[in-house]
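Welcome, and thanks for taking a look at this protein with us.

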Amino acid sequence: MIKKGDKSVGVGHQQCGTTGDVRNCQVMVLLTYAAASGHTFYDRRLYLPQSWTGDRERCRAAGVPDEAAFATKPQLGIAMLQGAVAGGLPFSWVAADADYGKDPALRSWLHGQRIRYVLAVPLTLPVQGPPGKPYLPKVAAAGDLLHYATVREQWERRSQGEGSKGQRAYDWTWFEVTLPRPTASPTSC
């Protein structure tokens, strides 16, 4: 939510999902649930930047409890997903944007829980080709796969609903890759 001033809890100069750019705003991490019969909000957490959690006087003046600590947006997402699992919410997969897709802890948690996911990733995310199927030229980042997707002509354009600037359509494709990290396992990009 776009804000003026600096008194609203969590407000700061940060990436604003409403506008897609950096603004003075509040950021909320939302967990929504969708089923054939409709969709609803399930959980939400206000993102508190380090500029807030590192300033206890500012937090106290705004009514933020002393135990509130900094957590990244993906960490807030994991906490909400843990609550959904513990609460018995019947879901079988998760979708999220690149802020979450680039986070190895979230991907690892989803793998560990055996929850399927579709996470956008930035073009710069380091990846390796599928095990046993080296690419020529070598694939080092997610953006290097775009050439292969064009050759394969396997893009799908899907609407993500209305945004502040009109219809939000994204182009999707799928590759199995391995993420270079100690506990690497196949991941879809």
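In which strand is the place of D43? D43 sits in β4, the strand made of residues 38–47. Before going further, please keep in mind that this is a predicted model.

- Is D43 buried or exposed? D43 counts as buried because its relative accessibility is 17%, and the cut-off for buried is under 20%.
- The side chain of D43 has a polar contact, at 3.4 Å, with the side chain of R45.
- Once residues up to four places away in sequence are set aside, D43 touches V29, L30, L31 and M80.

**The pairing of β3 and β4**

- Strand β3 covers residues 27–35 and runs antiparallel to β4, with nine bridges joining the two.
- How many residues does the hairpin between β3 and β4 pass through? The hairpin joins these strands through two residues.
- One of the facing pairs is A34, which stands opposite H39 in β4.

**The cysteines**

- How many disulfides does the model have? The count comes to zero.
- For readers new to the term, a disulfide is a covalent bond between the sulfur atoms of two cysteines.
- C25 is buried, with a relative accessible area of 0%, and C59 is also buried, with a value of 0%.
- C59 belongs to helix α2, which spans residues 56–62.
- Leaving out neighbours within four places in sequence, C59 is in contact with W52, T53 and V64.
- C59 and V9 are 50 residues apart in sequence, while their C-alpha atoms are 7.7 Å apart in space.

**Helix α5**

- Helix α5 runs over residues 104–113, and its buried residues are L106, R107, W109 and L110.
- Why do these buried residues line one face of α5? Seen down the helix axis, they fall within an arc of 160 degrees, so they line one face.
- At the start of α5, a side-chain oxygen of D103 comes to within 3.2 Å of the backbone nitrogen of A105.

**The nonpolar cores**

- The largest nonpolar core has 21 residues, and those with the most contacts inside it are L81, V94, L106, W109 and L110.
- At least two residues of this core come from each of β3, α3 (73–86), α5 and β6 (116–119).
- Which element gives this core its largest share? That element is α3, with five residues.
- Another core, of eight residues, lies apart from this one and includes V127, A142, Y148 and A149.
- W109 is in contact with I78, L81, Q82, V85 and I115, leaving aside its neighbours within four places in sequence.

- R114 is exposed, with a relative accessible area of 78%.
- Although R114 is not a glycine, its phi is positive, at about 60 degrees.

Terms used
Residues are numbered from 1 along each chain as its sequence is written. This is a predicted model: local features need pLDDT of at least 70, side-chain atom pairs count only at pLDDT 80 or more; totals for chains, interfaces and linings use all residues. Side-chain values use heavy atoms; hydrogens and water are left out. Helices (H or I, at least four residues) and strands (E, at least two) are DSSP runs, numbered from the N terminus. Buried means under 20% relative accessible area, exposed over 50%, partly exposed in between (1.4 Å probe, protein chains only). A polar contact is a pair of N or O atoms within 3.5 Å; within protein, one must be able to donate a hydrogen and the other to accept it, and residues adjacent in sequence count only if both atoms are side-chain atoms. Contact means heavy atoms within 4.5 Å. A disulfide is a pair of cysteine sulfur atoms within 2.5 Å. Two strands pair if DSSP finds at least two bridges between them. The arc is that of the directions from the helix axis to the C-beta atoms. A nonpolar core is a set of buried Ala, Val, Leu, Ile, Met, Phe, Trp, Tyr and Cys residues joined through side-chain atoms within 4.5 Å.
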